[in-house]
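Have the viewer open and follow along topic by topic.

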Amino acid sequence: MENLSCVVFTKGDLRMEKRTLEEDLDPHDVLLEMQKVGICGSDVHYWTAGRIANFVVEAPMVLGHEASGRVVKVGSRVSHLKPGDRVAIEPGVPCRRCSYCVGGRYNLCPDIQFCATPPVDGNLCQYYKHAADFCFKLPDHVSDEEGALLEPLSVGVHACRRAGVTLGARVLICGAGPIGLVNLLVAKAMGAAFVCLTDLDENRLQVALSMGADAGITIAKEQTADEALAMIKEAFKGDSPTHTIECTGAESSIRLGMLATKSGGVMVLVGVGPSSYLNVPVFDAAVREVDIRGIFRYANCYPTALEFVASGKCDVKKLITHRFELEDSLKAFEAAKTGADGAIKVMINCARPTEVR
Ligand code: NAD
Ligand code: ZN
């Protein structure tokens with residue numbers, strides 16, 4: 001079948017391409033008609049830089065991994081889905097056999113096949129096949145856009161779980177991009193009493209406040225750590241955050257987050273910057289028993305993310321600022337790249353009108 005797809009060929013070269021997809025299915029897979037696909041910072045990066053760390057675009061690759069679809073056909077061994085079901089697609093399918101997979105931390109599987117991480121094709125296209133057990137059926141009242149947003153929301157679930165956010169937590173979130181904002185939603189849903197975000201961009205903090213943040217701190221680039229720390233102290237009314245979730249990847253922000261976290265607290269590093277070697281106050285954190293943890297995507301988080309959305313505890317819709325059709329994906333990527341008009345989440349509609357199906 002003909003399959004219009006958004007393909008990055010090499011650095012700076014993004015095109016719409018008519019590919020073909022065979023209809024035959026592995027017994028445990030489903031064929032999906034794609035519905036909504038959100039653009040992630042990593043999709044933009046594979047286009048503008050041609051690589052992220054050691055993952056290099058060496059052959060044309062379909063982008064997209066924040067997605068929902070409608071089941072067209074199921075493999076012979078699939079029993080929990082049927083044609084017509086709407087699903088959210090968890091984009092990383094691990095090997096299921098290694099020690100990480102068996103131990104439940106399948107996000108660490110060295111053989112994971114993750115949509116739009118080279119060389120694996122993503123799903124910003126019309127039709128796509130995926131492992132059925134990594135597809136989550138959406139209840140009628142959860143929209144296709146919300147289904148697509150379960151992907152970034154799952155990053156928030158994993159980060160807040162790793163942080164141990166719980167009832168009464170006071171949470172500092174550094175960075176109010178899409179990932180900072182999903183962490184805000186999840187921290188609140190997990191019972192945090194006070195959530196404060198930082199950003200360089202006043203507009204993004206306004207969005208955070210409209211999504212339920214208790215405070216927002218505008219950081220100026222030239223600001224010293226001491227000045228920023230004083231603002232955080234004031235926002236937290238003299239106390240310190242018990243949990244810090246770093247969602248910028250900026251060295252100065254990581255430094256600030258480490259210094260700001262209450263002794264005995266936890267800081268989770270979500271943001272990833274260009275260099276792994278940073279000048280940060282390790283011993284200050286060590287002697288104050290501030291635990292520093294990292295995350296890599298998520299594992300076992302889609303069901304919780306779906307419950308949060310279905311129950312109304314996390315309203316992810318506010319993240320969406322721009323909408324485009326699949327044919328106009330290049331315009332969508334331009335909007336996501338420049339952040340023009342306050343772009344936060346750019347959403348692409350892949351579903352064709354019924355009459356031309
Ligand atoms: P984004 O670029 O849209 O948002 C980052 C925000 O941080 C921006 O609003 C920016 O203004 C702000 N910022 C930059 N420097 C700052 C500073 N010094 N102080 C305060 N704010 C500052 O990106 P995003 O999509 O929200 O993703 C955030 C980060 O999370 C990225 O580094 C991304 O690679 C990473 N990420 C990691 C994982 C993981 O599994 N670890 C998963 C998804 C995303
Ligand atoms: Zn594995």
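Val195 touches Val171, Ile173, Leu184, Ala187, Lys188, Ala213, Asp214 and Ala215, leaving out residues up to four places away in sequence; touching, or contact, means heavy atoms within 4.5 Å. This is a predicted model, in which local features need pLDDT of at least 70 and side-chain atom pairs count only at pLDDT 80 or more, while totals for chains, interfaces and linings use all residues. Residues are numbered from 1 along each chain as its sequence is written, chains are lettered from A and ligands numbered from 1 in the order in which they are written, and side-chain values use heavy atoms, with hydrogens and water left out.

**Around Val195**
- Val195 sits in strand S14; helices (H or I, at least four residues) and strands (E, at least two) are DSSP runs numbered from the N terminus.
- Val195 counts as buried because its relative accessible area is 0%; buried means under 20%, exposed over 50% and partly exposed in between, with a 1.4 Å probe and protein chains only.
- Arg170 is 25 residues from Val195 along the chain, yet their C-alpha atoms are 6.0 Å apart.

**Nonpolar cores**
- The largest nonpolar core has 54 residues, and Val165, Leu181, Leu197 and Ile245 touch the most other members. Such a core is a set of buried Ala, Val, Leu, Ile, Met, Phe, Trp, Tyr and Cys residues joined through side-chain atoms within 4.5 Å.
- Among the elements that each supply at least two residues of this core are helix H3 (144-163), helix H4 (178-189) and strand S14 (194-199).
- H3 gives the most to this core, with nine residues.
- Val165 touches Cys160, Val171, Ala187, Met190, Ala192, His243 and Ile245, not counting residues up to four places away in sequence.
- A second, separate core of 40 residues includes Leu14, Val71, Val78 and Val346.
- In soluble globular proteins, nonpolar side chains tend to be buried together.

**Two domains**
- The chain is divided into domain 1 (2-137 + 315-356) and domain 2 (162-294), with bounds from an automatic or database domain assignment.
- The C-alpha centres of the two domains lie 30 Å apart.
- Nine residues of domain 1 are in contact with ten residues of domain 2.

**Ligand 1**
- Ligand 1 is surrounded by 20 residues, the closest being Ile179, Asp199, Arg204, Val270 and Arg297; a residue counts here if one of its heavy atoms lies within 4 Å of the ligand.
- An oxygen atom of ligand 1 is 3.0 Å from a polar backbone atom of Ile179.
- Nitrogen atoms of ligand 1 lie 3.1 Å from a polar backbone atom of Val270 and 3.0 Å from one of Ile295.
- Taken alone, ligand 1 exposes 870 Å², and the protein buries 74% of that; the areas come from the Shrake-Rupley method with a 1.4 Å probe, and for residues only the protein chains shown count as cover.

**The loop between S10 and S11**
- Ala116 belongs to this loop and has a positive phi of about 60° although it is not a glycine.
- Ala116 counts as buried because its relative accessibility is 2%.
- The peptide bond from Pro118 to Pro119 is cis, with omega near 5°.
- Most residues other than glycine have a negative phi, and most peptide bonds are trans.

Technical notes:
A polar contact is a pair of N or O atoms within 3.5 Å; within protein, one must be able to donate a hydrogen and the other to accept it, and residues adjacent in sequence count only if both atoms are side-chain atoms.
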